[in-house]
Amino acid sequence: MTAMVLQMLDQAAELIERNPGSSAAKRRAVSGAYYAAFHAVMQLCADEILPGPDAASAEFERVYRQIDHGPLKQAFVSDGTLKRNSALRQIGDDIIRLQDARKLADYAPPRPNVVTLAKAREHVERAREILSRLASLTAQNRRTLALNLLFPPRKK
């Protein structure tokens, strides 16, 4: 996992612990937690396609940026390889829950308790679990995840 991803997650946790009564802090923490998990997925996919230390190359950035939020969700909800693989399905279920929470946190109109303190903490922990699961994937599951997210099946 990159230092940036871990820092994003640590900042999300710190934000809610320092400002537990702040709606804005809880919303930003949920958003930050999602983006930490999202960047971890993008990193995994880019590393699978272009292994090696040259993360600054244009090619690496092209692969890294290939994944978008809608297609990411679609890949996990579709009845395909990612749904049939229990390790990948678990990651997908969690990232979709986190993505839905991020949308609420980012786009709901200003009102109290859109995100409760307990939910904000839960979402930060969910992102940590996603990172842990990504790190423990087998080489085959890493490849399967990358290929299915970067190259979705053609529609029939």
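I started with Arg 28, which is partly exposed at a relative accessible area of 49%. This is a predicted model, so I read each entry as a computed value.

Next I looked for the partner of Arg 28, and found a salt bridge to the side chain of Asp 106 (3.9 Å, N to O). Asp 106 sits in helix H6 (residues 86-107) and Arg 28 in helix H2, so this pair ties together parts 78 residues apart in sequence. I noted Asp 106 as partly exposed too, at 28% relative accessibility.

How many salt bridges does the structure hold? I wrote down 13.

Then I went to Arg 142, which forms a salt bridge with Glu 48, with 2.9 Å between the closest N and O atoms. This pair also links distant parts of the chain, since Arg 142 is in helix H8 (residues 139-150) and Glu 48 in helix H2, 94 residues apart. Glu 48 is partly exposed, with a relative accessible area of 25%.

Is Arg 126 buried or exposed? I have Arg 126 down as buried, at 11% relative accessibility, and Glu 122 as partly exposed, at 32%. Salt bridges with shared partners join both into one network with Asp 94, Arg 97, Lys 119, Glu 129 and Arg 133.

Last, I checked the surface: Ile 49, Leu 50, Leu 147 and Phe 151 form a nonpolar patch with about 330 Å² of accessible area together. I placed Leu 50 in the loop between helix H2 (23-49) and helix H3 (58-64).

Note on methods. Residues numbered from 1 in each chain as written. Predicted model: local features only at pLDDT ≥ 70, side-chain atom pairs only at ≥ 80, totals over all residues. Heavy atoms only, no water. Patch = residues over 30% accessible without salt bridge, like charges linked within 9 Å, V, L, I, M, F, W, Y side chains within 5 Å. Areas by Shrake-Rupley, 256 points an atom, 1.4 Å probe, with all protein chains shown as cover. Salt bridge = Lys/Arg side-chain N within 4 Å of Asp/Glu carboxyl O. Helix = DSSP H or I, 4+ residues; strand = E, 2+ residues; numbered from the N terminus. Buried < 20%, exposed > 50% of the residue type's maximum accessible area, 1.4 Å probe, protein only.
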